[in-house]
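The sequence and the structure come first.

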Amino acid sequence: MTTAAHHHLRNGGVSLVLAADRFGLPAVAHWGAELADRDLPGLLASGSPAIMSSSLDEPRSFSLVADRSSGWSGTPAIELSSEGRPITTWRQVDVQQHGDELHLRFRDAGDRAEVQLAFRLDGAGVLRVRPSVRNVSAHEVDVRALRVLLPLPARAGETLDFSGRWSGERRPQRAALRDGTWSRQTRRGRPGHDAPYLTIVGTPGFGFRSGELWAAHLAWSGNQEVLVERLSEGGGVHSAVLGGGELLDVGEVRLAPGEEYAAPELVLTWSAEGIDGVTARLHRSLRARPGHPTSPRPLLLNTWEAVYFDHDLDRLTQLADVAAEVGVERFVLDDGWFRGRRDDTAGLGDWFVDDDLWPNGLLPLSRHVHERGLQFGLWFEPEMVNPDSDLARARPDWLLQERPELTWRHQFVLDVSRPEVAAYLLERLDQVITDAEVDYVKWDHNRDLHAALGVDGSVRVHAHTLAVYGILDELRKRHPLLEIESCASGGARVDLGILERTDRVWASDTNDPVERQSIQRWTQTLLPPELIGSHLGPAEAHTTHRHASLAFRATTALFGHAGIEWDLTRNDDAELDQVRAFAALYRELRPLLHAGVTVRGDHVDDGALLHGVVSDAGDHAVFAWVRTETGPLGNAVRVPIPGLRPDLAYRVRVRRELGDASRHQIADPAWLAADDTSFTGAVLAEGLPLPVLNPGQALLLELTAV
């Protein structure tokens, strides 16, 4: 590795060092802990490996544009072709560094394509890389892949990413890193319930509070690929590779002379402080965005599990009245308000208020909601269409080509990439939002885009995704105060691409608190709580039919952008009092919950979870001690309370406003009965014996520095 020319991005406690390899191409010499200038000569001098037997006669390297032409036998960073021939053998033609940003440009040996990699290392230590390619030839250039691939050291020996299903999103899966390629490819036209979400590689045995980690997330709402790859010969002095990019179908991106393809941004994070360290960097980075929500996240009531398709003005105004009385701040009318929509078999695409249900439009309900001091929200599913709709009958050519038997929730997908389709959707949504004085839109997306073909047989996922982004951007331009939620049959489109244009995501269609404990725990690995919708549902969960106490449901919903999805008009006075207490506690704690540091305890036993939020100053914290199932322990062990300042003393109290948790014991640990007891953060890090709870229970603990 050449020592003369190098580039060093340093910010937020992280360093990225690039140096030229033997081909003059930039290669990553280091991505991880911040390095001082005095460290660089030794780092660069030691950047070339030994020459091995039965191998290349020169030291191996792994550059940012690695492919077979430079001796790399793994997944190539760039796959382009023109006139049936691959475009390869890259040279660097320009480099510009300005503070925390670095822009590199490359051209191939035949001067047919120019690739740019734009790096930015922000104040949270999060590295963002945005690749692009421009056709500089006189012939078409086909883009097969434009990946960002960064090398990892040999100590990165274990992977964690996610899978899942509808109402069971973001289930973690771990494996030892072995030779070969761990490739997660999504071809659903959206990330999917089983999306890899955040791909983490770390030192073996890493946990929430320990281990050195490297992580990647693709900020894109369409098809994607994330991979971890290790070859037996490694890559230079590195062992493995982490990266990814948009997953393109053959012929999907074909550049005419002068045209450019801008690939999605890959978001990368390093931490030496476990999963919570990765989370802390990502949350700080997201909260620093200019468009990040800064106003208190309103407690909302969504009507879906309250009334479903039974829309009646009197019933809904009564529900809004009760909602206002208990402290709700936003009222969202869900599916069922538009023409022909009596169930999920008809009406999608006909975005006109149903005159039979709403002879005077939605404005009477909207005005009533506003008069009660609440914001008014409305559900749409703009990208979809029922075959039983006026739109599908009038414009069958507007539908993406799917086999007729492949309906999903009785619906197909509109070809939003067609300008006339996007214009129709924008006009209809804009008109309804304006007429009904809508403050908030729940944008749903209830099926995969399996074929995603246009009428001419061309693939459409890339163009569809960009068109959806365009509609969202224009809606927000026309309605600057409008807030938008991304829902995709729950959590099937949870990514930083959609969140550049929306204000929160719906993590899952399940409000079952047992399922939600895990879903929210892992969704928060990437996203801060204020971006994650979390609702208090009825006693019997809609998706699982499991029964749970109101206290457990409310405690679970508290740790997010909280809401209610429940017919409050059927509650008795005692239940309404508990809902009022939930609303009041949410308003009290949301300044902490939506600005503090998310922390999670490591494994105690299979049925127990500890999670919380600690203020930036470390002087205030709220934790939930949760039991989802019976555990193997027959005693109350010390449970470490993470994330606190060791030099401060804290008073710990149980917040019982939501109701107390039932115990599986004779009596609480003695410290709970002593009102004046305080503990240093150092002692709390060693652990407190916590009550042994029954399954389906949660204890809410507040810690205040004294």
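Helix H9 gives the largest share of the lining of the second largest pocket, with five residues. The model is predicted, and the values below are computed from it.

**The second largest pocket**

The second largest pocket holds about 500 Å³ of space. Its lining counts 24 residues, and those closest to the centre are Phe208, Arg521, Trp522, His603 and Leu609. Strand E13 (168-176), helix H9 (513-523) and strand E33 (608-614) are the elements that give two or more residues to this lining. By class, the lining of the second largest pocket divides into 10 nonpolar, eight polar and six charged residues.

**The largest pocket**

Two or more lining residues come from each of strand E9 (126-135), strand E19 (253-255), strand E20 (260-262), strand E21 (265-271), helix H2 (274-287) and helix H8 (461-478). Among the contributors to the largest pocket, H8 gives the most, namely four residues. The classes in this lining are 16 nonpolar, seven polar and 13 charged residues.

**Cavities**

Seven cavities of 30 Å³ or more turn up in a search of the whole structure. The largest cavity has about 70 Å³ of space. Its lining residues are Gln517, Gln520, Arg521, Gln524, Thr556, Phe559, Arg600 and His611. In the lining of the largest cavity, one residue is nonpolar, five are polar and two are charged.

The second largest cavity has about 40 Å³ of space. It is lined by Glu305, Asn511, Asp512, Pro513, Gly537, Pro538, Ala539, Ala541, Arg546, Ala548 and Arg553. Five of these lining residues are nonpolar, two are polar and four are charged.

| Space | Volume | Lining by class |
|---|---|---|
| Second largest pocket | about 500 Å³ | 10 nonpolar, eight polar, six charged residues |
| Largest cavity | about 70 Å³ | one nonpolar, five polar, two charged residues |
| Second largest cavity | about 40 Å³ | five nonpolar, two polar, four charged residues |

**The chain as a whole**

The secondary structure of the protein chain consists of 12 helices and 39 strands. The chain is as compact as a globular protein of its length, because its radius of gyration of 27 Å is close to the 27 Å that the globule rule gives for 706 residues. The C-alpha trace spans about 80 × 70 × 40 Å along its principal axes.

Of the 706 residues, 60% count as buried. The accessible surface of the protein chain amounts to about 26100 Å², and carbon and sulfur atoms account for 49% of that area. Among the contacts with a separation of 6 or more, 70% are between residues 24 or more positions apart.

**Individual residues**

Which residues other than glycine have a positive phi? His410 is one of them, with phi near 65°, and His545 is another, with phi of about 60°.

His410 sits in the loop between H6 and strand E26 (412-413). With a relative accessible area of 38%, His410 is partly exposed. His545 belongs to the loop between strand E30 (532-536) and helix H10 (550-558). The relative accessible area of His545 is 52%, so this residue counts as exposed, the cut-off being over 50%.

Ala394 is part of helix H6 (residues 390-394). Is Ala394 buried or exposed? Its relative accessible area is 54%, so Ala394 is exposed. Between the C-alpha atoms of Ala394 and Asp605 the separation is 58 Å, and the two residues are 211 residues apart along the chain.

Notes:
Residues are numbered from 1 along each chain as its sequence is written. This is a predicted model: local features need pLDDT of at least 70, side-chain atom pairs count only at pLDDT 80 or more; totals for chains, interfaces and linings use all residues. Side-chain values use heavy atoms; hydrogens and water are left out. Ala, Val, Leu, Ile, Met, Phe, Trp, Tyr, Cys and Pro count as nonpolar, Asp, Glu, Lys and Arg as charged, and the others, Gly among them, as polar. On a 1 Å grid over the protein atoms alone, a cavity is a set of points where a 1.4 Å probe fits but cannot get out, and a pocket is an open set with protein on both sides within 12 Å along at least five of seven lines; lining residues have an atom within 4 Å of a point. Grid points are joined across faces, edges and corners, and a volume is the space filled by probe spheres set on the points. The radius of gyration is taken over C-alpha atoms; the globule rule is 2.2 Å times the number of residues to the power 0.38. Buried means under 20% relative accessible area, exposed over 50%, partly exposed in between (1.4 Å probe, protein chains only). Contact means heavy atoms within 4.5 Å. Accessible areas come from the Shrake-Rupley method with a 1.4 Å probe; for residues, only the protein chains shown count as cover.
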